[in-house]
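Subject: Structure for your review

Dear colleague,

Please find below the structure that I am handing over to you.

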Amino acid sequence: TAPRLVVTKKVRKLEVFDGDELVRTYRVSLGFEPVGDKEIQGDGKTPEGEFYIFTKNPKSKFYLSLGISYPSTEDAARGLKDGLIDQSEYDEIVDAVRQKKIPLQYTKLGGEIYLHGGGVFTKDWTYGCVALADKDIKELFDALTIGTPVTIHP
């Protein structure tokens with residue numbers, strides 16, 4: 001099996017695919033500023049782009065969580081160009097992504113983006129994460145492995 005996740009922000013949906021076959025769909029809540037791509041720490045936006053799961057956290061303050069590899073190399077390139085990160089931070093992010101490891105989490109680009117529990121509500125409430133019902137994150141947590149691809153669309 002080749003699981004992959006696709007989040008579509010506009011419709012608050014997370015889809016689980018096995019190859020090209022849609023296996024499961026979940027409702028999600030997003031960051032408190034849901035429109036647009038994440039740019040800087042604290043903007044409340046959920047990032048957009050191609051990522052992977054870099055960790056599984058059984059001790060999350062939101063039940064369970066799966067770490068998403070933000071910032072990506074594209075985010076790092078933008079951050080370097082805009083002066084938000086320096087060359088060494090850029091190099092560290094790119095190297096981590098190349099090795100499918102944890103990219104730098106504490107820069108002006110922001111970080112600590114997770115799929116986590118805590119509930120889905122009519123109002124987006126996270127600081128940029130993707131929140132699910134606790135029973136839904138439990139299913140994902142049990143089924144997915146580190147390295148699972150995650151695509152986040154606007």
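The following paragraphs describe what was found in this structure, which is a predicted model.

I begin with the empty space. Rolling a probe the size of a water molecule over the atoms shows where empty space is left. The largest pocket holds about 440 Å³ of space. Its lining is made up of 20 residues, and the closest to the pocket centre are Phe62, Gly111, Glu112, Tyr127 and Cys129. By class, this lining of the largest pocket consists of seven nonpolar, ten polar and three charged residues.

The second largest pocket contains about 170 Å³ of space. Its lining includes Val16, Phe17 and Asp18, as well as Val23, Arg24 and Tyr26. Also among the lining residues of this second pocket are Glu139, Leu140, Ala143 and Leu144. Strand 2, strand 3 (21–27) and helix 3 (134–143) each contribute at least two residues to the lining of the second largest pocket. Here the classes are eight nonpolar, one polar and three charged residues.

Aromatic rings and charges

The structure contains five aromatic pairs. One of them joins Phe32 and Tyr127 in an edge-to-face arrangement, with 5.8 Å from centre to centre and 90 degrees between the planes. Phe32 belongs to the loop between strand 3 and strand 4 (49–57), and Tyr127 to the loop between strand 6 (114–116) and strand 7 (130–131), so this pair ties together parts that are 95 residues apart in sequence. Phe32 is partly exposed, at a relative accessible area of 36%, whereas Tyr127 is exposed, at 66%.

Phe121 and Trp125 also form a pair: their ring centres are 6.0 Å apart and their planes stand at 70 degrees, so the pair is edge-to-face. Phe121 counts as partly exposed because its relative accessibility is 47%, and Trp125 is likewise partly exposed, with a relative accessible area of 26%. Together with Phe62, these two residues, Phe121 and Trp125, make up one aromatic cluster.

Two charged side chains also sit over rings. Arg4 lies over the face of Phe17, at 4.5 Å from the ring centre. Lys56 lies over the face of Phe141, at 5.0 Å from the ring centre.

Two residues in the strands

Which strand holds Leu14? Leu14 is located in strand 2 (residues 13–18). Leu14 is buried, because its relative accessible area is 0% and buried means under 20%. Leaving aside residues up to four places away in sequence, Leu14 touches Leu5, Val6, Val7, Arg24, Thr25, Tyr26, Val28, Leu115, Leu132 and Leu140. As a guide to distances in the model, Leu14 and Thr55 are 41 residues apart in sequence and 18 Å apart in space, from C-alpha to C-alpha.

Is Thr8 buried or exposed? Thr8, which is found in strand 1 (residues 3–8), is buried, with a relative accessible area of 18%. Its contacts, again not counting residues up to four places away in sequence, are Lys13, His153 and Pro154.

With kind regards

Technical notes:
Residues numbered from 1 in each chain as written. Predicted model: local features only at pLDDT ≥ 70, side-chain atom pairs only at ≥ 80, totals over all residues. Heavy atoms only, no water. Helix = DSSP H or I, 4+ residues; strand = E, 2+ residues; numbered from the N terminus. Buried < 20%, exposed > 50% of the residue type's maximum accessible area, 1.4 Å probe, protein only. Contact = heavy atoms within 4.5 Å. 1 Å grid on protein atoms, 1.4 Å probe; cavity = no way out; pocket = protein on both sides within 12 Å on 5 of 7 lines; lining within 4 Å. Points joined across faces, edges and corners; volume = space filled by probe spheres on them. Nonpolar A, V, L, I, M, F, W, Y, C, P; charged D, E, K, R; others polar. Phe/Tyr/Trp six-rings, centres within 6.5 Å; stacked < 30°, edge-to-face > 60°. Lys NZ or Arg CZ within 6 Å of the ring centre and 35° of its normal.
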